[in-house]
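This briefing goes through one structure by topic. Please have the sequence and the coordinates open while reading.

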Amino acid sequence: MKTVTCTAPVNIAVIKYWGKRDTELILPTNSSLSVTLSQDILHSKTTISAAKEYDHDRLWLNGIEEDITKNKRMHNCFRETRAIRQAMEAKAEAEGKPIEPLSTYPVHVCSENNFPTAAGLASSASGLAALVYTLSQLFELTISTSEVSRIARQGSGSACRSLFGGFVAWEMGEKEDGSDSYAVQIAPETHWPDLQALICVVSDAKKGTSSTAGMQSTIKTSLLMNERINNIVPARMEGMKKAVLDKDFQSFAELTMRDSNQFHAVCLDTYPPIFYLNDTSRAIIQLIHEYNATSPDGKLKAAYTYDAGPNAVIYAPKENMAEIIQLIGHYFPSNKEPAEFFANPYNAISGKLGEDFLPKDHAKFNQNVIPVQPVGSVSRLLHTKVDDGPRVLSQDESLLKEDGLPK
Ligand code: DP6
């Protein structure tokens, strides 16, 4: 029996992936670029064990057993990694130095997120990245991280970007077989340590359109989407890569906000339209624009971005985080225990949340830009930073017992 446990991070795109040219292979209609967020705050953890004694492949997701054969995307990831392992085994055999035939053993997979799925945070990227990375470690695949990302892409598009830390591009590629559609690291996490993120978990009772269904509806019906794919994103990708390499927050922030806004614009241009933002999301957008517009030197101080849901992710240099946390704390009051609402993991603020909320030096800041929102509109604030890619954990971190069943 062989067992491996790994964690993989969440990534939040600043140039959005939206639209597939091949829904089976998961090939996108445009390239995208994301920032990998710290696994200390959010991660998916996966243990996989392979044993010839096992009866069949089994999977437990967040404590519940699921039928692995019904999940086509996961099945594709297993097929691809097993095929590479099988080729390694055949080669080793031919060379007279046989290795364990792990590719023929059934596996047990146990996976969980360290954040509640109810928080509405995208878990497919970190979850599928953790699965494929753990398989690559279990099978000791001698392939590059970009190759591993090419396999993870077939589990969920955005998952391919969670194979690297730091700043990551998913190059869309051109080939029909998808062999040139994978993630590459633009810069490691150490490149721009000053950049941090604040995730505002926005309460939302209803379940929206899934990204998988939503993006194909956009492709079919939005005319604006052609403009985005053909004439806008290619230049934005170049601009964003340069902004990251130059650590140019001004360009990074403007491109990030414009691309988030355009992604939600093509959702509105989809017929029938798709709405992911709600009133709370829009209030955060207005607040960040006021904060930026009244900055004393005219420079942008924060950037928001939204995926297929109402949660805001605010990127900002570390020095602005205390002000931003106080602002959000004031306009989006909570009735939770302070530490439950905002854990303050990096000691960004010293006083009480929301008390001293007026940004320093912002003489023209209009306090009435938005009214103070109903209590609980934002349910949690998560302060996080740019960090590393998947991690291999020690055996005692395993989610499976000796008998191969969940702990
Ligand atoms: C809005 O990766 O969840 O978060 O490939 O169908 O699994 P599938 O979609 P998914 O889409 C994510 C879309 C997005 C933007 C992004 O992360 O780039």
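How many salt bridges does the count come to? The count comes to 23 salt bridges. The model is predicted, with scores of ipTM 0.99 and pTM 0.97. Average pLDDT over the chain is 95, and 98% of the residues score at least 70.

**Salt bridges**

- Side chains of opposite charge can pair when their charged atoms come close.
- E397 and K45 form a salt bridge through their side chains, at 3.4 Å from N to O. This pair links distant parts of the chain, 352 residues apart. E397 sits in the segment after β16 (391-393), and K45 belongs to strand β6 (residues 43-50).
- D57, at 22%, counts as partly exposed.
- Within helix α1, E89 and R85 are four residues apart, about one turn of the helix. Their salt bridge has its closest N and O atoms 2.8 Å apart. E89 and R85 are both buried.
- D40, D387, D388 and R391 are linked in a network of salt bridges.

**Second largest pocket**

- The second largest pocket holds about 200 Å³ of space.
- Its lining is made up of G329, H330, P333, S334, K336, E337, P338, F341, K352, L353 and G354.
- Helices α8 (321-331) and α9 (338-341) are the elements that give two or more residues to this lining.
- By class, four of the lining residues are nonpolar, four are polar and three are charged.

**Helix α2**

- Helix α2 (residues 124-138) has 15 residues. From its first C-alpha to its last the helix reaches 21 Å, close to the 21 Å expected at 1.5 Å a residue.
- Helix α2 is mostly covered, with 13 of its 15 residues buried.
- Just after α2, E140 has a positive phi of about 50°.

**Backbone geometry in loops**

- Most residues other than glycine have a negative phi, and most peptide bonds are trans.
- Y271 and P272 are joined by a cis peptide bond, with omega at about -5°. P272 is in the loop between α6 (249-269) and α7 (279-293).
- N62 is a residue other than glycine with a positive phi, near 45°. N62 is located in the loop between β7 and β8 (64-66). With 37% relative accessibility, N62 counts as partly exposed.
- N347 likewise has a positive phi, near 50°, and is a residue other than glycine. N347 is found in the loop between α9 and β15 (378-385). Is N347 buried or exposed? N347 is exposed because its relative accessible area is 64%, and the cut-off for exposed is over 50%.

- L358 is placed in the loop between α9 and β15.
- L358 counts as partly exposed, at 37% relative accessibility.
- How many residues apart in sequence are L358 and N320? They are 38 residues apart in sequence, and their C-alpha atoms are 12 Å apart in space.

Terms used: Residues are numbered from 1 along each chain as its sequence is written. This is a predicted model: local features need pLDDT of at least 70, side-chain atom pairs count only at pLDDT 80 or more; totals for chains, interfaces and linings use all residues. Side-chain values use heavy atoms; hydrogens and water are left out. A salt bridge is a side-chain nitrogen of Lys or Arg within 4 Å of a carboxyl oxygen of Asp or Glu. Buried means under 20% relative accessible area, exposed over 50%, partly exposed in between (1.4 Å probe, protein chains only). On a 1 Å grid over the protein atoms alone, a cavity is a set of points where a 1.4 Å probe fits but cannot get out, and a pocket is an open set with protein on both sides within 12 Å along at least five of seven lines; lining residues have an atom within 4 Å of a point. Grid points are joined across faces, edges and corners, and a volume is the space filled by probe spheres set on the points. Ala, Val, Leu, Ile, Met, Phe, Trp, Tyr, Cys and Pro count as nonpolar, Asp, Glu, Lys and Arg as charged, and the others, Gly among them, as polar. The expected span of a helix is 1.5 Å times one less than its number of residues. pLDDT is the predictor's confidence in each residue, from 0 to 100.
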